[in-house]
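Good morning, and thank you for joining this meeting.

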Amino acid sequence: VKDKLPLPVDDMTIFKATHDGLLMCKLINDAVPGTIDERALNTKKPINEFKAIENHNIAINSCKAIGCNVVNM
């Protein structure tokens, strides 16, 4: 995810940077190491919509597993 960072704060680039779910999964793993097995993530480019949704579901389930409140996802 080095190509996505740093994120500018003056525009909507954050939505483009997080569309594949990889940045969120990396953030969760930085917060609680070992939460997500990186082999389970879909990283091959180009990533289609279904693979991106799988990554997002992994991120949401991992958030729940480490005790975060997940509302309206």
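Accessible areas in this talk come from the Shrake-Rupley method with a 1.4 Å probe, and for residues only the protein chains shown count as cover. On that basis the protein chain exposes about 5,600 Å², and carbon and sulfur atoms supply 59% of it.

The model is a predicted one: local features need pLDDT of at least 70, side-chain atom pairs count only at pLDDT 80 or more, and totals for chains, interfaces and linings use all residues. Residues are numbered from 1 along each chain as its sequence is written, and side-chain values use heavy atoms, with hydrogens and water left out.

Let me begin with the fold. The protein chain has three helices and zero strands; helices (H or I, at least four residues) and strands (E, at least two) are DSSP runs, numbered from the N terminus. Its radius of gyration, taken over C-alpha atoms, is 12 Å, close to the 11 Å that the globule rule gives for 73 residues, so the chain is as compact as a globular protein of that length. The globule rule is 2.2 Å times the number of residues to the power 0.38. Along its principal axes, the C-alpha trace spans about 30 × 25 × 25 Å.

I turn now to the interior. Buried residues make up 26% of the 73 residues, where buried means under 20% relative accessible area, exposed over 50%, and partly exposed in between (1.4 Å probe, protein chains only). In helix α2, residues 22-31, the buried residues are L22, L23, C25, I28 and N29. They pack against α1 and α3, the latter covering 49-65.

Which residues make up the largest nonpolar core? There are seven in all: L22, C25, I28, I36, L41, A59 and C63. Such a core is a set of buried Ala, Val, Leu, Ile, Met, Phe, Trp, Tyr and Cys residues joined through side-chain atoms within 4.5 Å. Helices α2 and α3 are the elements that give two or more residues to this core, and α2 supplies the largest share, three residues. C25 touches I36, L41, N55, I58 and A59 (heavy atoms within 4.5 Å), not counting residues up to four places away in sequence.

Finally, a feature of the backbone. P46 lies in the loop between α2 and α3, and the peptide bond from K45 to P46 is cis, with omega near -10°.
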